[in-house]
Amino acid sequence: MKRLTAGILAHVDSGKTTLSEALLFRSGALRRLGRVDHRDAFLDTDALERERGITIFSKQAILPLPNTELTLLDTPGHVDFSAETERALQALDYAVLVISGTDGVQSHTETLWRLLERYGVPAFIFVNKTDLAGFDREGIMSALRSRLGEGCVDMLAPDSAEELALCSEELLDAVTEGEVPSDALLARAVRNRKLFPCYFGSALRLEGVDELLGALDRLTLPLPERPGFGARVFKLSRDEAGTRLAWLKITGGELRVKAELASREDARAEWRAKADSLRLYSGTKYKLINSAPAGTVCAVTGLDGAYPGEGLGFEPDAAVPVLAPVLRYRVLLGEGADAHTVLTRFRELEQEEPTLRVVWDERLGEVQLQLMGEIQLEVLKSLMLRRFGLEVEFDEGGILYKETVSARVEGVGHYEPLRHYAEVHLLIEPAKRGSGVILSADCPTDELALNWQRLILTHLAEKTHLGVLTGSPLTDVKLTLVSGRAHPKHTEGGDFRQATYRALRQGLRTAEGLGECVLLEPVYDFRLRLPLTALGRALADMPRMSAVFSPPETLGEEAVITGRAPVSEMRGYASELAAYTKGRGSLTCLPGGYEPCHNAAAVIEALGYDAGADTANSADSVFCSHGAGVLVPWDEVPEHMHLPSALEREARLAAAARERAESFRANAGAYRASLAADKELMAIFERTYGPVKRDITQAMRSVKRPAAPQDNPRRAAPSKPKPGPEYLLIDGYNVIFAWDELREIAEDNLDAARHRLMDVLCNYAGYTQCVPILVFDAWKVKGGEREVEKYHNLYVVYTKEAETADTYIEKATHEIAKRHNTRVVTSDAAEQLIILGAGALRISSRAFREEVAAVEEEIRRLLAERG
């Protein structure tokens, strides 16, 4: 028997919970049919849910079918709790999207559809309330196909075969051959999200429910068998006794009671615990089970370290949720209430509520909450009173602004009181909107050990960093560790925390000084439906709310306006709408992400944040002077840093590259002459030592000098091969401007050309087992110092001021060739005699390209054989 999990998703008031009741009743799981309006629905178990008539928490029930044991998850439909719905998607194998037959596809419906697409969940569609006036079957199907996709097919329509043929090649073959598509073909199309079967009915009247049940049984496939154990924690909750429950979807293997579970190596926090008990819930009731096979959704006690979205076994952690809070509220404490006690209780709720963010403001000594909407406030007040006996109130609330940057800046931080030392250089860059904070490292390990680099990235990830305009959370930035330094004796872990925080803050202050800090505000995607008589008033309100909207659509005697507007301007508009339409208008608002604030200057002035006065987030650095720590202001810190600026180094290299490119173009004739000299040199070599057989792949594996002919005893015997790997020195810019593909890249982005060459050489060296040394010169760059970096298996040398790549290669060849077989890649004809005189071999840049191409072809051949 198949074990599957299906979720019921819908826009609020579409009849989702009513459909859940009908499915449970018709399958035999319920003996009596409950109703939401009678406050006795089986899955609306919370008192607040029954009072308001909406689903707030996702719940499960076991639904028995002839060939399937289906776990049904009823999810919230209200926008304020849509993150709870997104969290439940992590546990779903299939979904049923419920659409009101009278309202059709709404904005929230499209949001749910995008979430299903993001998580790859196959979906069935049930159009509910078909018994009400205003239902148009053809109009609904047209809207489904245009707004959700062409795979939406009315399975009971007479022409359904023609629609099915357009969903997949298998179905097309079956239909064109005159066959009725089998359940197996349909199930595969559903599982691959090619087909979205649509059914119509009235859940309240039990119409169309049996057809949907049959489809869930026949048109679904069992979970694929996967070796080993895997599970996903998709939510946390507490039972009436206060026991912490971790809700798991078992995706592979079997979980037995008392089994020991542990976090993955890449988890946010390390933990190890035993599964004390396994509970199989149906509504409010549960039964204890000894084991949970793949496909089971169960609540596990004892896993105190687990967190929502965590993967166990072979399952990775879930993706970061798309939906995020947009409103901010301050908790108002009653007389005698302890702020830290209230903070601790809200922290417990934060683990269970995916859209709740709890922030402790140290400066003001207050608890702040970040939420999706105002209905959540009622839920939180109820939970705090019912569970902890605490009465709390909230202020009128405000907008949750965020900050980002619009240009690349470098942030530097130094922390060096007596017997402490740490220095950090960060590159701060703008990232894609909605990407959050992206962390990476591009720091040579010979400059800063890997353990210190990991610690710096940990410090960047361990807290929410604040911007400098309003003190709002930082987002949509990429933070790259580019340089750092530790002291062999005096550096401790906490030193890098201080240096890291100060470096990020100093970079943001620098961006602010350059005018590159950007204030972001949340926006709503709204859908406004109102009588035609009130359309003029609504259109007049749009500019006042800074809204961007589409031309109104006319639906009978009503009009619909869709668009985007700042959350700050849309707050309270639902009340205005009800007043001027006399309750006949409706407004649906969905989070639409963040955009640059439309009135940034006014907001910044109103909030009055002073970055310099925020001592908890200082941009200044601490240096050691005369045995004591000295605080250096943020704008003077770069002058005191012990390591050079990464951006200045990048600029020096770019200048050197431009100089090299100009020199190369100016000496193109000399370069062509060097190619001719290559041929002449090879001719002399062959006259002296005999013909050279050009076996490129052999040359790549080991460089062998041509043997002296045995019939000429006067010639000196060749030297014996030297021990160890071959060393390969490469004149970087010579190769870049000799290879056509690299030269084309360099014309647009020289740094990209350098990295492309570095990647090519890494692959080449990995195959040939040579030691590559890539040299870039900066001989005309003032203040440049020689730098050596390790890039995977490649050494990269940047020469110092007044030192060319040729000079460095000559010196290095003289030393290395004494002990190792050495080759030099350059097309500089003047280097030939020096290289040969040092006992090394020279290969032109063009000939080396042939070797690299042969290596790449050999690698592809080996991969093809293994594949």
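**Entry 1: ground rules**

Two strands pair if DSSP finds at least two bridges between them. Helices (H or I, at least four residues) and strands (E, at least two) are DSSP runs, numbered from the N terminus. I'm working with a predicted model, where local features need pLDDT of at least 70 and side-chain atom pairs count only at pLDDT 80 or more, while totals for chains, interfaces and linings use all residues. Residues are numbered from 1 along each chain as its sequence is written, and side-chain values use heavy atoms, with hydrogens and water left out.

**Entry 2: the six-stranded sheet**

I looked up serine 282 and found its bridge partner in strand 14, lysine 285. Strand 13 (residues 277-282) pairs with strand 14 in the antiparallel sense, over five bridges. Both belong to an open sheet of six strands with antiparallel pairing, in the order 14-13-16-9-8-17. At the edges I have strand 14 (285-289) and strand 17 (311-313); each has a single partner strand, so one side of each is left without a neighbour in the sheet. From one strand to the next the twist averages 40°. (Angles run from 0 to 180 degrees between N-to-C directions; axes are lines fitted to C-alpha atoms, for helices over the stretch in contact.)

Helix 10 (residues 339-352) lies across strand 8 (230-238) and strand 9 (244-252), and runs at about 140° to strand 8.

I followed strand 1 (residues 2-10), which pairs with strand 4 in the parallel sense over five bridges. Leucine 9 stands opposite leucine 97 in strand 4. Contact here means heavy atoms within 4.5 Å.

**Entry 3: helix 5 up close**

Which residues of helix 5 are buried? In helix 5 (residues 137-147) I get Ile140, Met141 and Leu144. Down the helix axis they fall within an arc of 95°, so they line one face of helix 5. (The arc is that of the directions from the helix axis to the C-beta atoms; buried means under 20% relative accessible area, exposed over 50%, partly exposed in between, with a 1.4 Å probe and protein chains only.) Their cover includes strand 4 (94-100), strand 5 (123-128), strand 6 (152-154) and strand 7 (196-200). The face turned away from the buried side carries the exposed residues Glu138 and Ser146.

Just after helix 5, glycine 149 takes a positive phi of about 145°.

Arginine 193 isn't a glycine, yet it has a positive phi of about 60°. I found arginine 193 in the loop between helix 8 (183-191) and strand 7. Is arginine 193 buried or partly exposed? It counts as buried, at 18% relative accessibility.

Leucine 206 also has a positive phi, near 65°. Leucine 206 lies in the loop between strand 7 and helix 9 (209-218), and at 25% relative accessibility it counts as partly exposed.

**Entry 4: whole protein**

I count 27 helices and 40 strands. Of the 867 residues, 50% are buried.
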